[in-house]
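Subject: Handover of a structure and summary of findings

Dear colleague,

Please find below the structure that I am handing over to you.

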Amino acid sequence: GALYRLSREPERTRAVITTPHALARKQVPPELFAAGDYLVARERVDRDRLLGKLVASGYNSVSIVEDPGTFCVRGGIIDVYSPYLPRPIRIDLFGDEIESLRTFDPATQRNLDELEDAVLLPAREIVLSDEVIGRSTGALDQLGDELGVPSKKLRSIKEDVQNRIHFFGIESLLPLFHDHLASLDAYLPRGENVAYLSESDEAIEAASAEIHANAELGYAEAT
């Protein structure tokens, strides 16, 4: 939620406290948060498109929504629990119109507060849209050749991606699914009233070196 607030509400940011390791680590690009859906009560929505985007964005379909990152469909009612919201959302549809938006208690499943609007952000750091699937397929083939991944294993991974399945460990392949990754600096506000305080530049450089060393070690072990 912190990256989302930094990208969408920079004017509300008063201070950002982070560690050298987090500052050196690459993050998902700010554009990821544009992949969400903005829902407004009593306005129309494409039900099938919404459900497709939930799956592509990493939400798991379940029978009852109790945990973040899940959704379920019961007739004209869609329950969604975004990891970025304190409570899940119940979308009550009448045809293609959102009749009501409400929060609900995941333990009792009872409706709570009525909402005028809601933002549903991706549940995972990878959104498996048609464009991303097409771009990542070639990248997976290239990486598989470089690492000597058995063809059966590589084929299984590609099938999961094509079927929009966020398999365990998919985040380790994050660079293959984005045009670029961003540093935390890309999220930080700019302006004459902004000051950056650092106890030690050496700590940031050491964290960056550690991340690079761990990546090289992981590559060596894989090959």
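With a relative accessibility of 22%, Gln109 counts as partly exposed (buried means under 20% relative accessible area, exposed over 50%, and partly exposed in between, with a 1.4 Å probe and protein chains only). Gln109 is located in the loop between β6 and β7, and its phi is near 65°, a positive value in a residue other than glycine. Most residues other than glycine have a negative phi.

Please note that this is a predicted model, in which local features need pLDDT of at least 70 and side-chain atom pairs count only at pLDDT 80 or more, while totals for chains, interfaces and linings use all residues. Residues are numbered from 1 along each chain as its sequence is written, and side-chain values use heavy atoms, leaving out hydrogens and water.

Overall composition

The protein chain contains six helices and eight strands (DSSP runs numbered from the N terminus: H or I of at least four residues for helices, E of at least two for strands). Along the sequence, these elements follow the pattern α-α-β-α-β-β-β-β-β-β-β-α-α-α. The chain has 223 residues, of which 32% count as buried. Its accessible surface comes to about 13600 Å², and 51% of this belongs to carbon and sulfur atoms (computed by the Shrake-Rupley method with a 1.4 Å probe; for residues, only the protein chains shown count as cover). Among contacts between residues at least 6 apart in sequence, 60% join residues at least 24 apart (a contact means heavy atoms within 4.5 Å).

The sheet

An open sheet is formed by six strands in the order β2-β3-β4-β5-β6-β7, with mixed pairing (two strands pair if DSSP finds at least two bridges between them). Its edge strands are β2 (60–61) and β7, each of which pairs on one side only.

- β2 and β3 (residues 70–74) run parallel and are joined by two bridges; Asn60 has Thr70 in β3 as its bridge partner.
- β3 and β4 run antiparallel with five bridges, and Arg74 stands opposite Ile77 in β4. These two strands form a hairpin with two residues between them, and Gly75 in the turn has a positive phi of about 60°.
- β4 (residues 77–81) and β5 (residues 89–94) pair in the antiparallel sense over four bridges; Ile78 has Ile91 in β5 as its bridge partner.
- β6 (residues 97–104) and β7 (residues 111–115) pair in the antiparallel sense over three bridges, with Leu101 opposite Leu115 in β7. They too form a hairpin, with six residues between the strands and Gln109 in the turn.

The nonpolar cores

Which residues have the most contacts inside the largest nonpolar core? They are Leu128, Leu140, Val161 and Phe177, in a core of 24 residues (a nonpolar core is a set of buried Ala, Val, Leu, Ile, Met, Phe, Trp, Tyr and Cys residues joined through side-chain atoms within 4.5 Å). The elements giving two or more residues to this core are α1 (2–8), α4 (130–147) and α5 (151–162). A second, separate core has 18 residues, including Leu39, Ile91, Ala118 and Leu120.

Leaving aside residues up to four places away in sequence, Val161 touches Leu128, Ile133, Ser136, Leu140, Phe167 and Phe177.

Individual residues

Is Ser82 buried or exposed? Ser82 is buried, because its relative accessible area is 0%. This residue is placed in the loop between β4 and β5, and it touches Tyr59, Leu120 and Leu121, again not counting residues up to four places away in sequence.

Arg42 lies in the loop between β1 (37–40) and α3 (47–56). It has a positive phi of about 70° although it is not a glycine, and its 45% relative accessibility makes it partly exposed.

The charged end of Arg90 sits over the ring of Phe104, at 4.1 Å from the centre of that ring (the criterion is NZ of Lys or CZ of Arg within 6 Å of the ring centre and within 35 degrees of the ring normal). A search of the whole structure finds zero aromatic pairs (rings of Phe, Tyr and Trp, the last by its six-membered ring, pair if their centres lie within 6.5 Å; planes under 30 degrees apart count as stacked, over 60 as edge-to-face and the rest as tilted).

Yours sincerely
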